[in-house]
Amino acid sequence: MTKNIKLFRLDKSHLVYLVKWLNQRPARNLLRMRNMTNIRQQELWAEAAFKSANSHYFIIVANGENIGYCGVENIDWPSKRATIFVYIDKQESDGTEISSFIGLLDFAFKELGLNRVSVDLLTE
């Protein structure tokens, strides 16, 4: 059964989830992170990320639960290109990833007016 997926703009209240997810061994291995992160490091990242016109980040909510995050990054406005990614904490084969990608693509093409996106896809 596919979950009811919604994307909400990432804000400072969501950083605690990023710390949790990024400190789990699978995410650290996939992202090649040597050190664990903390809330202060994520706050510093967020300050820059939220000001940037070249990236947009979202929290993924399924049935009222924060289950991951995703984003449109590295936007090259002159060529209207960007990269998208999706991270789901507890992945299940229920369409969550697909629904998240569809939401991101909709945002990238319709809201931002991009005409090409690439995907950063990491698997265990």
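N63 sits in the loop that joins β2 (56-62) to β3 (65-76). Helices here are DSSP runs of H or I with at least four residues, strands are runs of E with at least two, and both are numbered from the N terminus.

This is a predicted model, in which local features need pLDDT of at least 70 and side-chain atom pairs count only at pLDDT 80 or more, while totals for chains, interfaces and linings use all residues. Residues are numbered from 1 along each chain as its sequence is written, and side-chain values use heavy atoms, with hydrogens and water left out.

Back to N63. Its phi is positive, about 50°, although N63 is not a glycine. Most residues other than glycine have a negative phi. N63 is exposed, because its relative accessible area is 52% and exposed means over 50%, buried under 20%, partly exposed in between, with a 1.4 Å probe and protein chains only.

N74 lies in strand β3. N74 also has a positive phi, near 50°, and is exposed at 56% relative accessibility.

Now H14, in the loop between β1 (5-9) and α1 (15-22). Buried or exposed? H14 is buried, because its relative accessibility is 11%. Leaving aside neighbours within four places in sequence, H14 contacts R9, I59 and N66, a contact being heavy atoms within 4.5 Å.

Last, the cores, meaning sets of buried Ala, Val, Leu, Ile, Met, Phe, Trp, Tyr and Cys residues joined through side-chain atoms within 4.5 Å. The largest nonpolar core has 19 residues, and I60, V72, V86, L104 and L114 have the most contacts inside it. β2, β3, β4 (81-88) and α4 (96-111) each give two or more residues to this core. A second, separate core has 14 residues, including L15, L18, Y69 and F85.
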